[in-house]
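Q: I am new to this structure and would like a close look at one part of it. Could you take me through its charged side chains and how they pair up?

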Amino acid sequence: MASEVAAAAANTVRKAAKEMHGIVVSAGRMDKTVKVKLGGLRWEPRVQKYFKEPRYKLVHDPRNSVRQGDVVAITPTWRVSQHVRHVVKHIIAPCGDPIEERPPVPTLEERLAEVAAKRAAKDERRAALREEQTKIREEMKAAEEARKALKASGQTPPPAQPTSIEDVD
């Protein structure tokens, strides 16, 4: 588990050079997601001039700590949903409420620890489910062997109990 966290940290450190700064244009409409406007220029060769062409990114905000108008730093991360592939790294310049009154933006280590905890919980659930399924399989196998033993000794096995809709509940 520690090696996975270290590998994820190394991977994000490699991507840390891709930190981008932008302005939050939409916050509060989606839970834990904000829309950030990144600056951009496009060269138009016919008129020999640059035109503003901003890019917009949907960014994961784990604790809903960003407000509209904030200047934020974002970094690429693992994909959160179909269109959300970046996460808020920190708030550069707040707009509105001061940063102290907002929930803190989680650090990389906190996010990695949360992912590791979720993975551990999922592994525990899967292990419990596998254990339960193997127990059921063993019971069914034992019942089948008992049925075969009765049939081999010449005795008739007891009839299977019919189930009705009332028995299911």
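**Charged pairs, one by one**

A: Let's start with R147, which is partly exposed, with a relative accessible area of 43%. Please keep in mind as we go that this is a predicted model. The partner of R147 is E144: their side chains meet in a salt bridge, with 3.0 Å from N to O. Both residues sit in helix 2 (residues 108–152), and because they are 3 residues apart there, about one helical turn separates them. E144 counts as partly exposed too, at 37% relative accessibility.

Salt bridges can also share partners, and here they join R42, E44, R46 and E53 into one network. One of the links to look at is the salt bridge between R46 and E44, where the closest N and O atoms are 3.4 Å apart. The two ends of this link have different surroundings. R46 is exposed, with a relative accessible area of 76%, and that value lies over the 50% cut-off for the exposed class. E44 counts as buried at 16% relative accessibility, because buried means under 20%.

Why can such pairs form at all? Side chains of opposite charge can pair when their charged atoms come close.

Now for a pair that reaches across the sequence. The side chains of K89 and E19 meet in a salt bridge, at 2.8 Å from N to O. K89 lies in strand 7 (residues 84–93), while E19 is in the loop between helix 1 (2–15) and strand 1, so this pair ties together parts that are 70 residues apart in sequence.

I23, V25 and Y56 make a nonpolar surface patch of about 250 Å². Of these residues, I23 has its place in strand 1 (residues 20–30), and it counts as partly exposed at 40% relative accessibility. That value is over 30%, the relative accessible area that a residue has to exceed to be part of a patch.

Key. Residues are numbered from 1 along each chain as its sequence is written. This is a predicted model: local features need pLDDT of at least 70, side-chain atom pairs count only at pLDDT 80 or more; totals for chains, interfaces and linings use all residues. Side-chain values use heavy atoms; hydrogens and water are left out. Patches are made of residues with over 30% relative accessible area and no salt bridge: like charges are joined within 9 Å, nonpolar side chains (Val, Leu, Ile, Met, Phe, Trp, Tyr) within 5 Å. Accessible areas come from the Shrake-Rupley method with a 1.4 Å probe; for residues, only the protein chains shown count as cover. A salt bridge is a side-chain nitrogen of Lys or Arg within 4 Å of a carboxyl oxygen of Asp or Glu. Helices (H or I, at least four residues) and strands (E, at least two) are DSSP runs, numbered from the N terminus. Buried means under 20% relative accessible area, exposed over 50%, partly exposed in between (1.4 Å probe, protein chains only).
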